[in-house]
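Trainee: Before we go through the labels, could you show me the model and its sequence?

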Number of protein chains: 2
Amino acid sequence: MAKPRSTSTDIARRAGVSRATVSYVLNGRTDQSISPATRERVLQAARELSYVPNAASRALRAGESRLVLLINSGVPWSTNITDFEDELTRVVAATGRTLMVWRRQGPDDLASTLAHLEPCLAIALNRLSSSEAALLETLQIPLVESDLVAPGSDLPARLQVQHLVEAGHERLAYLTTSEESLQRFATPRTSGFLAACAELALPKPRLAALPGGMDISLAAVTEQLRAWLEEPDPVTAVACFNDFHAAVCLAAAAELGLWVPSDLAVMGLDDDIFAPLTRPALTTIRIDAKAFARHLWDLARHQLGEGPEPEPFLQPSHVVVRASV
Amino acid sequence: MAKPRSTSTDIARRAGVSRATVSYVLNGRTDQSISPATRERVLQAARELSYVPNAASRALRAGESRLVLLINSGVPWSTNITDFEDELTRVVAATGRTLMVWRRQGPDDLASTLAHLEPCLAIALNRLSSSEAALLETLQIPLVESDLVAPGSDLPARLQVQHLVEAGHERLAYLTTSEESLQRFATPRTSGFLAACAELALPKPRLAALPGGMDISLAAVTEQLRAWLEEPDPVTAVACFNDFHAAVCLAAAAELGLWVPSDLAVMGLDDDIFAPLTRPALTTIRIDAKAFARHLWDLARHQLGEGPEPEPFLQPSHVVVRASV
DNA sequence: ACGCCTACCTGACACGTGCCAGTAGATGAC
DNA sequence: GTCATCTACTGGCACGTGTCAGGTAGGCGT
């Protein structure tokens, strides 16, 4: 009952060799010559005692852990974030490391977290405060911020414009969010939308931002839609920051008795799980979140000095045509 | 440059005291008397060197870490899982520990993960394989399985029945899932549904299970609905395993040209983010995921010998009335 | 018999921390 | 003056691992 877990010393004793030999065998070192008989005895003993090396001790001795910390401070759950985390977990594991997801609550929690666990690298999905960045700096933990992908993050919005124009629309509106934690995604998308409109010489596009959270008010969106449609040159299509915004937009259109897409086209972004189920089903942009995860990991490995600097990332994304445009 | 991070030895040297004194001061031990002057000198030195204790070393010395591992293998829980993880993170942090979320990919990954990080407790949202459980046993890591909440997990489905009956329905159907990883939730809900029907002496309820994933076929659900409606005593209301199933159900009803709720009532479960946005807006059950997190943590603390055995958990949940019933 | 080489293995240190046991000096009681 | 008590501190061990320099035994050539 509850005998303490076995250590390499136990194995050594049982196999009748020294601890050093055990370490050499279990770590498969090729520069040390171990006789096959001894090797087998050690492995056998390890199996019998179901030995698992102590993680803390290893990390202490090695001077660094094999843990990667993903700092996710309230990025709203969606199909994409799940895909992203799964893929990142996979590629990190492929290099003999382990990815841990930490849901940051307050801005001051990082210190106590790092007192419990020392990652060899941190990946942040949101911008960290300067004190947090300083802390990582002090601990000499490299940091990769998803910021770095900015080069391609306006692409999805450009695709929205392109698709709407191909469908015959010219007077467009963009519905975005003013939620702080989403600005990292929202800002480049809005610029991409505006830039694409300008490049195609479209009439001046309309813009509106909804407050954050799930408290998006249907009434407010309905009013916004009504305003856009009552202008002299009424909007004929609305591109949205994400599928959730688009779904609210569809609901608002229904409130106003509008037919989508004939009276108004609505386009989402994310291809979220519910996108095929709205009425009409949402035409949207699918972003390859897994490719994004792989790119972020390439950046991380470069930072760890294990790989070349990756090519600039062009967010792979494509239009998913359904019925709302 | 890039001087190695400072250790307690550095602090001791700088403050002109021994390392033991530093340890006593920084750990705020009250059973050791330290003069205020010395204490201040130590704290000052620690601040100047921005000292952060080494996590690995601490864990090694203490014999156990302050990490709690949440094993989440792809639970597609949507909004609720976010609430759950946030609340669990909060309550775990309140006891001076840190919660890490690990997204298990394959059934064999646990060993390599535990080689990198040794939690003082594991919480599993899905059933673990027996080899995984054995591994935790060997490492003497206590395990809390969300299984344990079974007592209350049939409640949400009972609430669905109750609400449908209050709305005047008697001939009910239940749409559930056959996806393996969801059976933990699906099984008690289905039994709850059937039990509630039996207790209220309703006509024999219908049952159907959809295959898992997001590949739920609208056509298949449409066919099922048609079958239920063509029977001699046609179904008048469908309760669903979750909101996603309910949304598919709404779409299928639209395909058949049915009006919801007059021709058919549809009830979801989860109050997912998109529930207010379906047409008609989904009447559903809201489960208090945060309360669930707190209860799980109470169980965990009991297992750690830090608290009393918590009361049996009655899943706090209530009906969110919208338009689909 | 001697030195040398190789194959195989071991003793001992270091990583950074927490804490027990012990010590030097001051204070007080008789 | 002596002994006990208290304050304020320190020396050193232990946690479990990886690794390096060294050690031993046997074989081989001369």
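**Values against cut-offs**

Mentor: Not counting residues up to four places away in sequence, B:His163 touches B:Met267, B:Thr283, B:Val319, B:Val321 and B:Val325, where contact means heavy atoms within 4.5 Å. The model is predicted, so local features need pLDDT of at least 70 and side-chain atom pairs count only at pLDDT 80 or more, while totals for chains, interfaces and linings use all residues. Residues are numbered from 1 along each chain as its sequence is written, chains are lettered from A and ligands numbered from 1 in the order in which they are written, and side-chain values use heavy atoms, with hydrogens and water left out.

Trainee: Why is B:His163 called buried?

Mentor: B:His163 is found in helix H8 of chain B; helices are DSSP runs of H or I with at least four residues, strands are E runs of at least two, and both are numbered from the N terminus. Buried means under 20% relative accessible area, exposed over 50%, and partly exposed in between, with a 1.4 Å probe and protein chains only. B:His163 has a relative accessible area of 14%, so it counts as buried.

Trainee: What makes B:Ser153 buried?

Mentor: B:Ser153 has a relative accessible area of 13%, so the same label applies. B:Ser153 lies in the loop between strand E4 (143-145) and helix H8 (155-166) of chain B. Leaving aside neighbours within four places in sequence, B:Ser153 is in contact with B:Pro188, B:Arg189 and B:Gln315.

Trainee: Is B:Arg47 buried or exposed, and how do you know?

Mentor: The relative accessible area of B:Arg47 is 51%, so B:Arg47 is exposed. B:Arg47 is in helix H3 (residues 36-48) of chain B. Its side chain is joined to that of B:Gln44 by a polar contact of 2.8 Å. A polar contact is a pair of N or O atoms within 3.5 Å; within protein, one must be able to donate a hydrogen and the other to accept it, and residues adjacent in sequence count only if both atoms are side-chain atoms.

Trainee: How do you know that the span of H11(B) agrees with its number of residues?

Mentor: The expected span is 1.5 Å times one less than the number of residues. For the 13 residues of H11(B) (243-255) that gives 18 Å, and the end C-alpha atoms are 18 Å apart, so the two agree.

Trainee: What makes H11(B) mostly covered?

Mentor: Eleven of its 13 residues are buried, among them B:Phe244, B:Val248 and B:Leu250. The buried residues pack against several elements of chain B, including strand E5 (172-177) and helix H10 (218-230). At the N-terminal end, B:Asn242 caps H11(B) with a side-chain oxygen 3.0 Å from the backbone nitrogen of B:Phe244.

Trainee: Why are H1(A) and H3(A) called oblique?

Mentor: The axes of H1(A) (residues 8-15) and H3(A) (residues 36-48) come within 9 Å and cross at roughly 125 degrees. Axes are lines fitted to C-alpha atoms, for helices over the stretch in contact, and angles run from 0 to 180 degrees between N-to-C directions. Under 35 degrees counts as roughly parallel, over 145 as roughly antiparallel, 65 to 115 as roughly perpendicular and the rest as oblique. H1(A) and H3(A) are therefore oblique to each other.

Trainee: And what makes H6(A) roughly parallel to H7(A)?

Mentor: The axes of H6(A) (residues 109-116) and H7(A) (residues 130-138) cross at roughly 25 degrees. H6(A) is therefore roughly parallel to H7(A).
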